[in-house]
Amino acid sequence: MYPNGVLHQGTSVQNFVFNRLDYLLWCRLLAGESFSGKDKGYLGVHFDKFQFAFRTSVEHYFPQTDPSGAKGMEGVDRFGNLCLISPSSNSRLSNYSPADKKKFYRENNRAESLKQALMMSYEHWGPDGGG
């Protein structure tokens, strides 16, 4: 679909790639497909309330600076760790841990992208926890 290098440019991955992925996920979830056992029913309100919107900020789900204070985490710029959200959310949550980001979105009953909702569906995320 896309040359491999397009997805490995960290925050320089073009926004349309994230939007296209959300569109493809939406179509396939709506058609009843699942991903690693997670379907639109599993995503619940994150799928039901999802809206395509203008988002321009690339979010690192596992932050660039580890919440414990470590810097230079390996692999955080890979496409699997990135999603597109609003700049205000990115500013608010920038160095939160994945668990804290999940809690924020759970309490607010929303996810800003379907890719993000799927990322949050994993129990562990980060250099040692899969994802």
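Predicted model: local features only at pLDDT ≥ 70, side-chain atom pairs only at ≥ 80, totals over all residues.
Me: What makes the Phe104 and Tyr105 rings an edge-to-face pair?

Reply: Rings of Phe, Tyr and Trp (its six-membered ring) pair if their centres lie within 6.5 Å, and planes under 30 degrees apart count as stacked, over 60 as edge-to-face and the rest as tilted. By this rule the count comes to 6 aromatic pairs. One of them joins Trp26 and Phe52, whose ring centres are 5.9 Å apart with the planes at 80°, so that this pair is edge-to-face. Trp26 belongs to helix H1 (residues 15–30) and Phe52 to the loop between H3 and E1, so the pair ties together parts 26 residues apart in sequence. For Phe104 and Tyr105 the centres are 5.1 Å apart and the planes stand at 85°, so that pair is edge-to-face too.

Me: Which residues form one aromatic cluster with Trp26, and why does Trp26 count as partly exposed?

Reply: The cluster consists of Tyr23, Trp26, Phe50 and Phe52. Trp26 has a relative accessible area of 29%, and therefore counts as partly exposed; Phe52, at 44% relative accessibility, counts as partly exposed as well.

Me: How do you know how many helices and strands the chain has?

Reply: Helices (H or I, at least four residues) and strands (E, at least two) are DSSP runs, numbered from the N terminus. The chain comes to 6 helices and 2 strands, following the pattern α-α-α-β-β-α-α-α along the sequence.

Me: What makes strands E1 and E2 a pair?

Reply: Two strands pair if DSSP finds at least two bridges between them, and 4 bridges join E1 (residues 57–60) to E2, the two running antiparallel. Glu59, for example, has Cys83 in E2 as its bridge partner. In a regular strand the side chains alternate between the two faces of the sheet. In E1, Ser57 and Glu59 point one way and Val58 and His60 the other, and all are buried. Strand E2 (residues 82–85) is likewise covered on both faces, with Leu82 and Leu84 buried on one side and Cys83 and Ile85 on the other.

Me: Why are the buried residues of H5 said to line one face of the helix?

Reply: In helix H5 (residues 98–107) the buried residues are Pro98, Lys101, Lys102, Phe104 and Tyr105. Seen down the helix axis they fall within an arc of 160°, so they line one face of H5, the arc being that of the directions from the axis to the C-beta atoms. On the other side of H5, Ala99, Arg106 and Glu107 are exposed. The cover over the buried residues includes helix H3 (45–48), E1, E2, helix H4 (87–93) and H6.

Me: Why does Ser121 count as buried, and what is Ser121 in contact with?

Reply: Ser121, in the segment after helix H6 (114–120), has a relative accessible area of 14%, and is therefore buried. Contact means heavy atoms within 4.5 Å; leaving aside neighbours within four places in sequence, Ser121 is in contact with Lys38 and Tyr42.

Me: What makes the charged end of Lys38 sit over the ring of Tyr122?

Reply: A charge sits over a ring if NZ of Lys or CZ of Arg is within 6 Å of the ring centre and within 35 degrees of the ring normal. The charged end of Lys38 is 4.7 Å from the centre of the Tyr122 ring and sits over it, and Lys115 lies over the face of Phe79 at 4.8 Å from the ring centre.

Me: Why does Asp48 count as exposed?

Reply: Asp48, which is found in helix H3, has 62% relative accessibility and therefore counts as exposed. Asp48 and Arg110 are 62 residues apart in sequence and 9.2 Å apart in space, C-alpha to C-alpha.

Note on methods. Residues numbered from 1 in each chain as written. Heavy atoms only, no water. Buried < 20%, exposed > 50% of the residue type's maximum accessible area, 1.4 Å probe, protein only.
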